[in-house]
Amino acid sequence: MAHDLGAWAPGERGTVPTAVAVALPSDVAIRRFAERDHHVVRWTEFDRGGNFLSLEQPELLAEDVREVFAGLD
């Protein structure tokens, strides 16, 4: 598969609603590429947390997940 040049070509843009949570400053995410490849409906940047956001800031992440699903009905 590594020699298949078609595997490196951009695929079709996803249609599934996608939410992204970024814990700053530890996470590096490139929003432009996420929005290019996926149907991003929510992009949240937290000012605290880290690589293990669900363990470090569980209430913050849980509230964001609730808001995402509340907006999808």
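Glutamate 63 has a relative accessible area of 36%, so it counts as partly exposed. The cut-offs are simple: buried means under 20% relative accessible area, exposed means over 50%, and partly exposed lies in between (1.4 Å probe, protein chains only). Glutamate 63 forms a salt bridge with arginine 66, and their closest N and O atoms are 3.1 Å apart. A salt bridge here is a side-chain nitrogen of Lys or Arg within 4 Å of a carboxyl oxygen of Asp or Glu. Both residues lie in helix α3, three residues apart, which is about one turn of the helix.

**The model**

The model is predicted: local features need pLDDT of at least 70, side-chain atom pairs count only at pLDDT 80 or more, and totals for chains, interfaces and linings use all residues. Residues are numbered from 1 along each chain as its sequence is written, and side-chain values use heavy atoms, with hydrogens and water left out. pLDDT is the predictor's confidence in each residue, from 0 to 100. The mean pLDDT of the protein is 87. Of its residues, 92% reach 70 or more. Among the elements, α3 has the highest mean pLDDT, 95. The lowest mean, 90, belongs to α1. Helices (H or I, at least four residues) and strands (E, at least two) are DSSP runs, numbered from the N terminus.

**Salt bridges**

Side chains of opposite charge can pair when their charged atoms come close. How many salt bridges does a search of the whole structure find? The search finds six.

| Pair | Closest N to O distance |
|---|---|
| Arginine 66 and glutamate 63 | 3.1 Å |

Take glutamate 35 and arginine 31. The two are four residues apart in helix α1 (residues 31–37), so about one helical turn separates them. Glutamate 35 is partly exposed, at 34% relative accessible area. Arginine 31 is partly exposed too, at 38%.

Is aspartate 64 buried or exposed? Aspartate 64 is buried, with a relative accessible area of 6%. Arginine 42 is partly exposed, at 26%. A network of salt bridges links Arg42, Asp64 and Glu67.

**Polar contacts at aspartate 64**

A polar contact is a pair of N or O atoms within 3.5 Å; within protein, one must be able to donate a hydrogen and the other to accept it, and residues adjacent in sequence count only if both atoms are side-chain atoms. The side chains of aspartate 64 and arginine 42 are joined by a polar contact of 2.7 Å. Which side chain makes a polar contact of 2.9 Å with the side chain of aspartate 64? That is the side chain of threonine 44. Threonine 44 sits in strand β2. Its relative accessible area is 12%, so threonine 44 is buried.

**Core and surface**

A nonpolar core is a set of buried Ala, Val, Leu, Ile, Met, Phe, Trp, Tyr and Cys residues joined through side-chain atoms within 4.5 Å. The largest one has five residues: Val20, Val22, Ala34, Val40 and Trp43. Strands β1 (17–23) and β2 (39–46) are the elements that give two or more residues to this core.

On the surface, Val41, Val65, Phe69 and Leu72 form a nonpolar patch. Together they have about 360 Å² of accessible area. Patches are made of residues with over 30% relative accessible area and no salt bridge: like charges are joined within 9 Å, nonpolar side chains (Val, Leu, Ile, Met, Phe, Trp, Tyr) within 5 Å. The areas come from the Shrake-Rupley method with a 1.4 Å probe, and for residues only the protein chains shown count as cover. Phenylalanine 69 is in helix α3. At 58% relative accessible area, phenylalanine 69 is exposed.

**The segment before β1**

Glycine 6 lies in the segment before β1. Its relative accessibility is 52%, so glycine 6 counts as exposed. How far apart in space are glycine 6 and leucine 60? They are 40 Å apart, C-alpha to C-alpha, and 54 residues apart in sequence. For tryptophan 8 and arginine 42, 34 residues apart along the chain, the C-alpha atoms are separated by 27 Å.
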